[in-house]
Amino acid sequence: MHKVFYTLKIANITCGSCIPKIQKCLRGLEYVNDVKINIFTKEVQLEMHTLIDSAKIKHIKRALNENGFTVSDNKKYWRNTFYTLSMLYIIQTVIHKTLSIFWVDLVFSTIIEVLCSKRILKGSMAFTDTVILGSHASFVLGCFYDEQNLQNSSLILVMIVLGKFMLETVGNRASECLRSGVTERYMYNNKNLNYEEIKEGHVIVVEKEKHILFDGIVMEGASYVDESSLTGEIKLKEKKKGDHIHSDTYNKTGRIIVHVRRVGEETSLGKLLKQIDHSSVSNTNEITGLFIFIIFVTIGSFMLCALNTPLAQAIETSLSLLIIACPCALNISEPLTILIGTKKLFDNSIVIRDLAVFENLCDIGVLFIDKTGTLTDGTFIVKDFINTSSLDISTVKTLVHTLERRSYHPIASTLTEYCMVSAMGEVLKYEMMSNGIKGRVRYRNAHYDVQIGNDGLLSANIKNGRCFETNRSIKDENYETDNVPKRINDKNYALYTPDEDLISVYVIVNDELTCVFYLEDKIVNGASSALKLLNEQNITTIMLTGDSYRNAMRIAHRLNISKVYANKTAIHKSNIIQNYRKGHVVGMVGDGINDYSAIAHSNVGISVGNVFSGIGHVSLLSKDLHLLYLLLVIGKRIKRRITINYTFSIIYNVAALCACIAGGYYGLVITPGISCICMFLSSLTVVISALTFK
């Protein structure tokens, strides 16, 4: 079934209790499959099975409006509301102090009450709206008993909106920080544009060392583009006029001019930002039970107070109790703390795609880690080489350097740097092959036909009548052990590979095997210390790779990883993850397409370096495995801070409830205004606690 997504913003979302009300409202529409909501960015994403049109949009907006929710892109809804109410309250106070006219107080208080009671009037009340009921009680008492309560009712609503204004500001700033961290700029008509300003049809100049964040076609120029974000493995492709450019790749070498075909939310970057915006977390289920308990406590306190106090005072005390007991602080504690923690993680190059990941993050017992591109960084170092001919090694290095500098493969870059020489040859002919490169080089008035490649290059030469005996250990043969291969005959050589399982690169010059370079995968900096820190957290690390068992064991030995699954396909990896999930909370860390299924099936899926892939609960923006440890540490701190906020809010509310009930029973007047101040201080404490999170 084809899925269609539509996003809108609801300006007056106040707390987690709004989420089930909006979901119930929208899921009741026959064409809506699912609804995702973020209470801080106020964005609602609808998943539908039919195309969206203007009639459906009007229907959606009407359904929300009937339930008291305002569809608007205004990120400053509560700020504007607070300014409006403050101005009305100031005017009301001035007139009250100077003229003291009852009907003027009544008019201003009525206007303020109506402005803040939209959802209550339409029968859709959230938890925070219980506080508004307290202002209504004060308004009614002001109409019939003491006109001072009219001003109190206005003050209560101003303070309530002030609290919502504070939350709106915190949410907007955190969300903008998350979105502003991923960006890139390009040239268009001599203007420097951010990627968000690029439109379909633009002709964009992409300089070297730039991320490409749109789809298009090359119009001019040529370059090698790193498409490892698409495959998870190092893969440089030459792009020239007429070739397609894909979003989320990296322009490695040259300058190209691209005609843009797709931009924005259709690219992987747009999907990433949508995932961040639509990640939601809610503790509504727990708060619902508490809310019901509060209603019963309020009824009980009213009956208790009515025994010893006048009816008006009993009503006032009971509604004051309702204000104090409103679980505003509890309701914002978890999402606000997680949002601030997510921003802190983003500052440290960690993107949280799914906020629900914090439920499992602290309980990870087994962590699977891919090898290629995760534990190793995709580059190589030369461990050794063997000169197999009479050609001097300086000439061999010159030929290798001259030819390999034309290629941008990671192995080529390693050999080019290793074979750096002062003199350079001239490339007369150059050709890329599936198993390496070949070409003709002129050096010191001599011409050399050079081939450089892997085992496949040897196989191709064998078909042409040359035989090479390879990959035999020195220890297994009675040949010389001076690192010089023994010539068997004019066309046959026995090559001796060191004990370590290294990558062999063969150099054939003028149809003669001239040199063999032995390369080793370079382990990511800090991988060993990062794994040690993870083990200290009682997390079992297991290597899960599609590479050969011998290659995997060599890296595992260097990193002290005791358990290895090697030669595994994407399906095998996924099955292993699912089997481990039966008894453990499982994490999976990887960077390639062959890891994506395993990442998706794990409790905590983490993609490394591949930020625009859209895969996993978490993305690490750099290949620094210490970020894994940082993720776990901050995750535990977030959970601990939420627990502290919960505990404080419960103790605070219970103490205030007891004081209110006792005061009401003994005839002490606790006005709704005092109760509102108590409620506001509780919420303010939670906000300050979240903002000071480190």
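**Surface.** I began with the surface: the chain exposes about 31,400 Å², an area from the Shrake-Rupley method with a 1.4 Å probe. I then looked up burial, where buried means under 20% relative accessible area, exposed over 50%, and partly exposed in between (1.4 Å probe, protein chains only). Of the 694 residues in the chain, 51% are buried.

**Ground rules.** I noted that this is a predicted model, in which local features need pLDDT of at least 70, side-chain atom pairs count only at pLDDT 80 or more, and totals for chains, interfaces and linings use all residues. Residues are numbered from 1 along each chain as its sequence is written, and side-chain values use heavy atoms, with hydrogens and water left out.

**Confidence.** I checked pLDDT, the predictor's confidence in each residue, from 0 to 100. The chain has a mean of 75, and 72% of its residues reach 70 or more.

**Overall fold.** I found 22 helices and 29 strands in the chain; these are DSSP runs numbered from the N terminus, helices being H or I of at least four residues and strands E of at least two. Of the contacts with a separation of 6 or more, 68% join residues 24 or more positions apart.

**A sheet.** I followed an open sheet of 7 strands, in the order β14-β29-β28-β27-β15-β25-β26, with mixed pairing. Two strands pair if DSSP finds at least two bridges between them. Because β14 (350-352) and β26 (563-565) each have a single partner strand, they stand at the edges, with one side left without a neighbour in the sheet. The twist averages 20° from one strand to the next. Inside the order, β27 (residues 586-590) and β28 (residues 604-608) pair in the parallel sense over 4 bridges, and Gly-587 stands opposite Val-604 in β28.

How far apart are the end C-alpha atoms of helix α14 (residues 393-404)? They are 16 Å apart, which agrees with the 16 Å that its 12 residues should span at 1.5 Å a residue; the expected span is 1.5 Å times one less than the number of residues. I also saw that α14 is mostly covered, with 9 of its 12 residues buried, among them Val-396, Leu-399 and His-401.

Technical notes:
Contact means heavy atoms within 4.5 Å. Axes are lines fitted to C-alpha atoms, for helices over the stretch in contact, and angles run from 0 to 180 degrees between N-to-C directions.
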